[in-house]
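Hi,

Here's the structure I promised to pass along. Have a look when you get a minute, and my notes follow below.

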Amino acid sequence: MTATAPITQDVLTIPRKMPEGGRTNIVGLTREQLREALVAAGTPEKQAKMRLGQIWQWVYHFGIRDFAAMTNLAKDYRALLAEHFVIELPEVVSRQVSADGTRKYLVRIAGGHEVETVYIPEENRGTLCISSQVGCTLTCSFCHTGTQKLVRNLTAGEIVGQVMLARDDLGEWPVPGEPKDETRLVSNVVLMGMGEPLYNFENVRDAMRVVMDGEGLSLSRRRITLSTSGIVPEIARTAEEIGCLLAVSFHATTDEVRDRLVPVNKKWNIETLLNALRDYPRLSNSERITFEYVMLKGVNDSDADARRLVKLIAGIPAKINLIPFNEWPGAPYERSDWERIEAFADIIYKAGYASPIRTPRGEDIMAACGQLKSATERARKSRAEIAAEAGL
């Protein structure tokens with residue numbers, strides 16, 4: 001087997017081996033991939049572009065899963081589609097609703113693995129936090145998700161499917177022929193669930209192209225934020241090939257502390273990461289980068305840290321999201337005291353940067369940042385077991 005993805009820590013990111021034969025799932029195919037698949041299934045070349053547009057609208061604008069309901073297609077063509085294709089989403093195993101309205105979905109994907117997706121309703125927007133890997137390639141010491149070893153990368157269809165199943169649950173699909181309700185319940189998407197998106201770059205990129213497509217789910221790239229721990233070689237690619245907003249899990253102001261909190265720092269240290277970030281707003285035409293900073297008592301929350309942080313990011317259009325640490329059973333850290341967080345925020349604010357303190361959401365259902373972890377995957381698995389499950 002040749003490794004096609006980077007090896008990090010002691011884990012190889014394993015692509016999903018798709019079953020041979022069988023019908024093709026339309027969900028997650030880019031326009032080009034779907035066009036090619038339609039032609040291969042017998043759609044005449046001259047009709048392919050029109051058919052693609054019609055099917056795309058049914059699947060992604062109206063959320064239709066049954067070819068028989070695609071009334072502007074001829075009956076025999078609908079039968080042809082049903083013979084070659086399916087429109088399938090990952091399965092929702094459980095759905096929990098927090099006291100604050102946050103919804104957490106435990107989602108089962110092919111192979112029986114599970115990931116978590118979280119919907120956070122706010123007054124003027126609804127944010128959907130989606131996962132890109134089962135488990136995580138990284139081993140950030142403050143993150144519960146990071147204690148679950150990587151099982152595999154999600155396919156583009158499994159990433160797009162999370163957006164679609166949330167719209168199912170929220171009843172957000174328009175009805176053909178009825179006036180469209182312009183309120184968007186899922187108005188923003190953040191790739192901040194389980195996994196490091198930039199270790200699954202191609203699938204994340206293709207999924208976001210589907211989500212951003214104006215004829216379907218139609219979320220603008222400025223309403224999509226990709227969060228990375230700092231996979232430097234892929235940052236410029238993200239700007240050029242996705243162009244969404246970028247958030248960086250920063251969490252420390254010295255390499256010594258960041259090495260401990262975010263071990264990938266040993267590969268690409270703070271200076272290397274910041275050099276890559278300086279070009280991002282220009283390359284992606286986005287306004288600013290969000291620096292995420294989890295507040296850990298006595299570890300990274302001193303006034304000196306706040307001042308160092310301001311110095312480090314000088315010249316980068318940025319906002320700093322301060323995240324009170326979300327505790328989980330057996331966590332090696334404690335949340336900084338509220339007064340400490342406010343003093344830290346004040347230093348950053350006075351230096352001219354927005355420094356919102358993120359209100360922890362969904363803590364009662366373990367849906368807050370860094371708490372996601374699928375119950376059935378909590379046990380550590382050997383590399384052999386992982387390879388067997390991925391069909392290698």
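E196 is where I started: leaving out residues up to four places away in sequence, this residue touches S132, Q133, C136, T137, L138, S227, T228, S229, G230 and I231. Bear in mind that this is a predicted model. E196 sits in the loop between β11 (188-191) and α5 (201-212), and it counts as buried because its relative accessibility is 2%, under the 20% cut-off. Its side chain also has a polar atom 2.9 Å from the backbone nitrogen of L198.

You'll find F250 in the loop between β13 (245-249) and α7 (255-261). With a relative accessibility of 0%, F250 counts as buried. Beyond its neighbours within four places in sequence, F250 is in contact with R258, V262, I270, L273, L274, F291, E292, L309 and L312.

As for the whole chain, there are 12 helices and 15 strands. Of the 392 residues, 54% are buried. Taking contacts between residues at least 6 apart in sequence, 68% join residues at least 24 apart. The chain exposes about 17100 Å², with carbon and sulfur atoms supplying 50% of that.

Cheers

Terms used: Residues are numbered from 1 along each chain as its sequence is written. This is a predicted model: local features need pLDDT of at least 70, side-chain atom pairs count only at pLDDT 80 or more; totals for chains, interfaces and linings use all residues. Side-chain values use heavy atoms; hydrogens and water are left out. Helices (H or I, at least four residues) and strands (E, at least two) are DSSP runs, numbered from the N terminus. Buried means under 20% relative accessible area, exposed over 50%, partly exposed in between (1.4 Å probe, protein chains only). Contact means heavy atoms within 4.5 Å. A polar contact is a pair of N or O atoms within 3.5 Å; within protein, one must be able to donate a hydrogen and the other to accept it, and residues adjacent in sequence count only if both atoms are side-chain atoms. Accessible areas come from the Shrake-Rupley method with a 1.4 Å probe; for residues, only the protein chains shown count as cover.
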